[in-house]
Amino acid sequence: MCGTAELNIAQANKKDEFYTQLVDIEAELKYYKNYFKGKIVYCNCDDSAVSNFTKFFILHFEDYGIKRLISTCYKPHYTDLFTQQTSVPATFIDYDGTPETLRPKQLKGDGDFRSKECVQFLQESDVVVTNPPFSLFRDFVAQLFKYQKDFLIIGNVNAISYKDCFEHILKNEMWLGQSIHSGDREFQVPDDYPLEAAGFRVDAEGKKYIRVKGVRWFTNIDYEGRHTWLKLTEPYIPERYPKFDNIDAINVSKTKDIPYNYDGIMGVPITYLDFFNPEQFILIGNEYSLNVAGGRGYVNGQRMYSRIFIRRNPNAPQPIVFTMGNLFESATI
C-alpha cells in the first residue's frame, strides 16, 4: 500500500507518474455527463498512448456530446553526453471526432503543462480533466484558477491542508468529487517505477500497479450529490464533545458523530469534506486560516489531528433527527 511516506519519496524522485484506471474514471465522470455537452476537454498530463482519460473521452465523445478533445503528454528533454540525442518527443492529439485526428502530432517543447504551447491549449479549452503529478498539485491548481478553468482532477486528500488549496475550498471555489470517499485506488506506474510499496502487483503482460491511499477527486463543477444532507443521529452532550484548549470550538472525532443540535463551531476531520453540503453547514476555516496558536488544536493538552471548523448554516431548516428506524436503508458514513 502506498501511503504518505511513499508518496513523499515518489515526489522527491519525481516518480509520481501514476496512470488512473478506467474504472475509477468511469465511476466519477458519470455524474457530469450533461455538463460535457459542447465542451472542449483538455487532458494536459496524459500520454494518449496509455492514458485512460484520453481513452474515456474518445469512447464517449459522441454520447457525452464533446466538441473537441486535446491531450498532451510530458516527455522531459535531455541530451545524452555520448549520442547527443534527446528523449522521445512529446506529442499531442487534437481530436474532433474524426479518425484522422487521432494521429499524435509532435509538440515543440516537452509537454510540461506550464509550457507556452500547453498554456495555449489550456486557454482554448473549457475544462481540464486529468491526474496531475502529485508533487506539482499546488502549481497545477494555481494555474487552473489563474485561467479560470473548470476542472475535474485527482489528488491526495492531504492537499486539503495546503494553504492555497484550502483557501479555494473555504471560498466554495473547489470541492471534493462524488465517487471516492475512503479506501485506496490502484494506479498503473511506468516500467521503471520501483515497487517498494506494500500494495503492488504485476499483471500477465508485465505492467506494474500500486495501490495509493487517500486519493480524492477535486473539482469546481457542481453535481447533485454535493447537495445531499448528511444524516445526523447524535445529540450534543458536553461530556462527549470536549472543547479545544486553544480554540473556541468543540471537538468531533468522527464525521458520523456530528451532533444534530449544536449551533456553535465544531472541529471535524478533514475527511468531512467528502460529505460537505454548503446548504447544511458553513466552513469557518482550518488551524492555519484561523491562526491557531501552535498550529493545531489541543484537547486536554493532547494535540489533535488536523481539523476543519464548521457550524450549522443558519439559513438551513431545522435538522431532522434520524433514528435507527429511518436510517435502516441509509449508507454508513
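Tutor: Let's go through a helix, a residue in a strand and some aromatic rings.

Tutor: First, the ground rules: this is a predicted model, where local features need pLDDT of at least 70, side-chain atom pairs count only at pLDDT 80 or more, and totals for chains, interfaces and linings use all residues. Residues are numbered from 1 along each chain as its sequence is written, and side-chain values use heavy atoms, leaving out hydrogens and water.

Student: Which residues of helix H6 are buried?

Tutor: Buried means under 20% relative accessible area, exposed is over 50%, and partly exposed is in between, using a 1.4 Å probe and protein chains only. Helices (H or I, at least four residues) and strands (E, at least two) are DSSP runs, numbered from the N terminus. In H6, residues 163–170, the buried ones are Cys165, Phe166, His168 and Ile169. They sit on the same side of H6, because they span an arc of only 155 degrees around the axis; that arc is taken from the directions from the helix axis to the C-beta atoms.

Student: What covers the buried residues of H6?

Tutor: Contact means heavy atoms within 4.5 Å. The cover includes helix H5 (137–146), strand E15 (281–286) and strand E18 (307–312). After H6 comes Asn172, with a positive phi near 65 degrees.

Student: Is Thr219 buried or exposed?

Tutor: Thr219, in strand E12 (residues 215–219), is buried, at a relative accessible area of 0%. Beyond its neighbours within four places in sequence, Thr219 touches Tyr32, Phe151, Leu152, Met174, Trp175 and Leu176.

Student: How do I read a pair of aromatic rings?

Tutor: You describe it by the distance of the centres and the angle of the planes. Rings of Phe, Tyr and Trp (its six-membered ring) pair if their centres lie within 6.5 Å; planes under 30 degrees apart count as stacked, over 60 as edge-to-face and the rest as tilted. That rule gives 18 aromatic pairs here. One of them is Tyr236 with Tyr262, tilted, at 4.6 Å centre to centre and 45 degrees between the planes. The two are 26 residues apart, so this pair links distant parts of the chain. Tyr236 is partly exposed at 26% relative accessibility, while Tyr262 is buried at 15%.

Student: Which rings are linked into a cluster?

Tutor: Ring pairs join Tyr35, Phe36, Phe56, Phe57 and Tyr64.
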